[in-house]
Structure formats: structure tokens, C-alpha cells
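Here is a short report on one structure. Look at the sequence and the model first, then read on.

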Amino acid sequence: MKIAIFPGSFDPITTGHLDIVKRALPLFDKIIMAIGVNSVKKSLFSLEQRMEWLEFVFQNYEKVDVGTFEGLTVHYCDKVGAKYLIRGLRNGSDFDYEKTISQLNNIVGDDIETVFFISRPSYSHISSTIVKEIIRGKGDTSPFLPPEVKIDLNEI
Ligand code: ADP
């Protein structure tokens with residue numbers, strides 16, 4: 001069984017993330033959307049809220065599970081029996097960052113392979129960071145989010 005983990009903050013999940021999952025689905029038997037709980041990186045949305053959105057977005061995707069982990073991604077891979085990581089590449093900075101992480105994970109994680117998806121042109125400008133900026137400015141983020149993800153600007 002080919003199991004892949006798509007690790008990220010998903011703060012919040014965007015249409016860019018969703019596109020990567022859809023493209024990765026034919027390659028794997030199971031994809032686990034895994035929110036990394038990181039004490040240094042502060043999120044705008046709570047872990048519960050981010051999980052809820054992921055579960056809602058992928059409710060009709062039989063092959064997609066949702067999980068959370070603390071610590072190293074490769075340890076989580078071991079725990080769930082995943083041999084593959086999924087990451088998206090939007091530009092050169094993503095590449096530089098991801099290259100190092102992937103090489104480290106491959107060594108620390110005992111042959112964990114990272115599979116990269118170059119983002120489609122229509123999604124390469126989308127990031128959770130930009131979405132958060134728009135939210136802070138009380139703008140409309142719906143063009144960047146799956147329809148299941150509804151932001152209540154009054155609650156921010
Ligand atoms: P992280 O906190 O690790 O950056 P993110 O939730 O921001 O996690 O993103 C997780 C992964 O999704 C990363 O590999 C990132 O490059 C990828 N990604 C994010 N947005 C897009 C997009 N619009 N198109 C393609 N890949 C994307």
C-alpha cells in the first residue's frame with residue numbers, strides 16, 4: 001500500500017493545496033493531510049479549526065485522511081507507514097527550501113521520498129500567508145479557498 005503524507009500548516013487550506021492533492025491522488029493508495037503542530041510558527045487559526053476544514057474539504061475523498069503530528073515529519077511517516085511525502089513548488093524560493101528539507105528527510109527518515117508537484121500557473125500566486133494578509137485587511141478570500149472553507153471576518 002502506497003501511503004503519502006502531505007504535511008503543512010494549512011492555515012488555512014487553499015485551492016493551491018487542494019489542486020496538489022487532486023493531482024497526487026492517482027499515484028497513491030492513501031494520502032494523509034497532516035498538520036504539523038509547531039510551537040515556534042504561530043498560526044492564525046486553531047488546530048481544531050484547521051482540522052475541521054480539512055475534514056470537510058476531503059469528506060468525499062475515500063483515499064484522503066486527516067491527521068496531526070508533533071516533532072519530525074519522518075517520525076510521523078514511520079508511525080503511519082508512509083514512504084512518501086508530497087510537497088508543492090510554486091517558485092524558486094520554494095525549490096531552494098524544499099530541496100534541503102527533502103535531502104535531510106531522505107537521510108534522517110530512512111529512504112523517505114519527497115514527490116514534488118510544480119504548481120499550475122493558475123495557483124502559483126496563492127499561499128496561506130497571502131490569504132492571511134487579506135483576512136487581516138478584511139478582504140474577500142473566497143477566490144483562494146475551497147468553498148467548504150468559510151472565513152468569518154467578525155471572528156478574527
Ligand atoms: P508550510 O507551513 O510547510 O509552508 P503550507 O501549508 O504553507 O505549509 O504548505 C504546504 C505545502 O503546500 C508546501 O509544500 C507548499 O509549497 C505547498 N503549497 C502551498 N500553496 C501552494 C500552491 N498555491 N501551489 C502549490 N503548492 C502549494
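## Leucine 72 and the ground rules

L72 sits in the loop that joins β3 (64–70) to α3 (73–80). Helices (H or I, at least four residues) and strands (E, at least two) are DSSP runs, numbered from the N terminus. L72 is partly exposed, with a relative accessible area of 44%. Buried means under 20% relative accessible area, exposed means over 50%, and partly exposed lies in between (1.4 Å probe, protein chains only). Now compare sequence with space: L72 and L145 are 73 residues apart in sequence, and their C-alpha atoms are 28 Å apart.

This is a predicted model: local features need pLDDT of at least 70, side-chain atom pairs count only at pLDDT 80 or more, and totals for chains, interfaces and linings use all residues. Residues are numbered from 1 along each chain as its sequence is written, and side-chain values use heavy atoms, with hydrogens and water left out.

## Two arginines

R120 is in the loop between β5 (113–118) and α5 (128–136). At 42% relative accessibility, R120 is partly exposed. R120 and F69 are 51 residues apart in sequence and 28 Å apart in space, C-alpha to C-alpha.

R50 belongs to helix α2 (residues 47–57). Is R50 buried or exposed? R50 counts as buried, because its relative accessibility is 7%. From R50 to I35 the chain runs 15 residues, and the C-alpha atoms are 8.1 Å apart.

## Backbone exceptions

Most residues other than glycine have a negative phi, and most peptide bonds are trans. This model has exceptions to look at. The peptide bond from D11 to P12 is cis, with omega near 5 degrees. P12 is found in the loop between β1 (3–8) and α1 (15–24).

D111 is not a glycine, yet its phi is positive, about 70 degrees. D111 lies in the loop that links α4 (92–108) to β5 (113–118). With a relative accessible area of 53%, D111 is exposed. The C-alpha atoms of D111 and Y84 are separated by 8.9 Å, and these residues are 27 apart along the chain. K138 also has a positive phi, near 60 degrees, and is not a glycine. K138 is in the segment after α5 (128–136).

## Around the ligand

Where does the ligand sit? The ligand sits in the largest pocket. On a 1 Å grid over the protein atoms alone, a pocket is an open set of points with protein on both sides within 12 Å along at least five of seven lines, where a cavity is a set in which a 1.4 Å probe fits but cannot get out; lining residues have an atom within 4 Å of a point. A molecule sits in a pocket if more than half of its atoms lie within 2 Å of its grid points. The elements that give two or more residues to the shell around the ligand are β1, α1, β4 (84–89) and α4.

The ligand has 17 residues around it, and S9, K41, G88, Y123 and I126 come nearest. A residue is near a molecule if one of its heavy atoms lies within 4 Å of it. The shell divides into 6 nonpolar, 6 polar and 5 charged residues. Here Ala, Val, Leu, Ile, Met, Phe, Trp, Tyr, Cys and Pro count as nonpolar, Asp, Glu, Lys and Arg as charged, and the others, Gly among them, as polar.

## Ligand contacts

An N or O atom in the side chain of S9 is 2.5 Å from an oxygen atom of the ligand. A backbone N or O atom of F10 lies 3.1 Å from a ligand oxygen atom. For R87, a polar side-chain atom lies 3.1 Å from an oxygen atom of the ligand.

Methods: Polar contact = N/O pair within 3.5 Å; in protein donor to acceptor, adjacent residues only side chain to side chain.
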